[in-house]
Amino acid sequence: MPILNADFALSFARSWIEGWNQHDIDAVLSHYADDFELASLLIPSIAEESNGVLHGKADVRAYWKKGLAQIPDLHFELKEVLTGVDSITLYYRGHRAWWLKCYGLTVLER
């Protein structure tokens with residue numbers, strides 16, 4: 001399998017970061033499948049879902065909306081984008097620390 005195109009990966013990363021920096025949850029969610037799952041240690045306290053897993057865009061949208069209300073000055077800074085076989089890893093600074101976010105992708109256009 002070919003490695004993802006670096007230009008596509010950078011465009012994806014910039015769009016994801018921009019969505020967060022504009023606090024545009026729907027723009028961020030556009031990068032995810034409708035039925036994706038999100039797991040986080042913060043979900044039980046913010047979304048009141050005891051198993052820490054949310055299913056689908058509607059539940060994640062509500063969770064992220066509550067999260068953004070708690071961090072109104074949220075801003076991400078993209079440091080680096082790494083590509084692999086059908087994956088993109090974003091290295092970015094969040095509101096408290098540096099983070100890695102890895103995406104496995106099914107891509108129609110590269």
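## A walk around W64

Let's start at W64: setting aside its neighbours within four places in sequence, this residue is in contact (heavy atoms within 4.5 Å) with W20, I25, V28, L29, Y32, F36 and L38. Keep in mind that this is a predicted model, where local features need pLDDT of at least 70, side-chain atom pairs count only at pLDDT 80 or more, and totals for chains, interfaces and linings use all residues. Residues are numbered from 1 along each chain as its sequence is written, and side-chain values use heavy atoms, with hydrogens and water left out.

W64 also belongs to the largest nonpolar core, which has 25 residues, and together with W16 and W20 it touches the most other members. A nonpolar core here is a set of buried Ala, Val, Leu, Ile, Met, Phe, Trp, Tyr and Cys residues joined through side-chain atoms within 4.5 Å. Buried means under 20% relative accessible area, exposed means over 50%, and partly exposed is in between (1.4 Å probe, protein chains only). Two or more core residues come from each of α1 (6-21), α2 (25-29), α3 (43-46), α4 (57-70) and β4 (87-93). Helices (H or I, at least four residues) and strands (E, at least two) are DSSP runs, numbered from the N terminus. The top contributor is α1, with 6 residues.

Now follow α4. This helix has 14 residues and spans 20 Å from its first C-alpha to its last, close to the 20 Å expected at 1.5 Å a residue (the expected span is 1.5 Å times one less than the number of residues). Which residues of α4 are buried? They are K57, V60, Y63, W64, G67 and L68. These cover an arc of only 135 degrees around the axis, so they sit on the same side of α4; the arc is that of the directions from the helix axis to the C-beta atoms. An α-helix has 3.6 residues a turn, so residues three or four places apart point the same way. The cover over the buried residues of α4 includes α1, α2, β1 (37-39), α3 and β2 (53-55).

A58 has a relative accessible area of 54%, so it counts as exposed. Its C-alpha is 9.5 Å from that of D35, 23 residues apart along the chain.

Last stop: β4. Strand β3 (residues 77-84) runs antiparallel to β4, joined by 7 bridges; two strands pair if DSSP finds at least two bridges between them.
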